[in-house]
Amino acid sequence: SPPPSPPSSPPPPSSPPSARLTVLNRTLAWDGVPVFLSGVNLAWLRYGNDFGNGQSNAHFCALKDVLVNTSRAGGNSMRVWLHVEGYKTPVFDADGVVVATDSTGSLISDMRRYLRAARQLDILIFFVLWNGAVLKHQRVKDLFSDMSKLDSYIDTVLVPMVRSLRDEPALGGWDVINEPEGSVAADVADPNPCYDTTPLARTGAGWAQPTEPIPMEQV
């Protein structure tokens, strides 16, 4: 059978988008019409450094080439990782407080440029912020346990990023963390079923944090 059709082209970014990806009766819909998302988990071309820090035109073109090839294959969605381990973005100070999106302030504009390239190809983009399958950077791990540091990320990066890009029609959604089970403390009983990880016992969960796994309540 032929591959699923991508969603119809959204309106130009300069006008208010009328077509958006929504949930309709437990299914995804594009402008009110059920849509099947079929695409690629690109993950990255440069690990944690695809956006921001003065992205070069050459690197943008490399990212766009993947979009073009995905579109030609009938794909209509792309999952792309953003900070990943946090070694390149965002910018932390010596105390682990987030003080900037990136070293040159180009993170959001680089993301917007990518989204508009995706829109021209009728591809929806899903940005993934962090990677729980590895998560070795202590400053990123501190965001889970120190609310003041987490707030510094939210206020300095997340809120400006979401507000700046919210009207981009090609933005399909946000994925907070890839494979959080890799860093969570497994087999820990809790009276709150949302935090009880005993069902994860002997599943391999927590492989990325063998000595200091993150409690589910902090994830």
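## Aromatic pairs

The structure, which is a predicted model, holds seven aromatic pairs, where rings of Phe, Tyr and Trp (its six-membered ring) pair if their centres lie within 6.5 Å, and planes under 30 degrees apart count as stacked, over 60 as edge-to-face and the rest as tilted. The rings of tryptophan 44 and tyrosine 47 are edge-to-face, because their centres are 4.7 Å apart and their planes stand at 80°. Tryptophan 44 is partly exposed, at a relative accessible area of 35%, and tyrosine 47 is also partly exposed, at 35% (buried means under 20% relative accessible area, exposed over 50%, partly exposed in between, with a 1.4 Å probe and protein chains only).

Tyrosine 114 and phenylalanine 127 form a tilted pair, with 6.4 Å from centre to centre and 50° between the planes. This pair links distant parts of the chain, since tyrosine 114 lies in helix H2 (residues 107-120) and phenylalanine 127 in strand S8, 13 residues apart; helices (H or I, at least four residues) and strands (E, at least two) are DSSP runs, numbered from the N terminus. Both tyrosine 114 and phenylalanine 127 are buried, and together with Phe51 and Trp174 they form one aromatic cluster.

Residues are numbered from 1 along each chain as its sequence is written. Local features need pLDDT of at least 70 and side-chain atom pairs count only at pLDDT 80 or more, while totals for chains, interfaces and linings use all residues, and side-chain values use heavy atoms, leaving out hydrogens and water.
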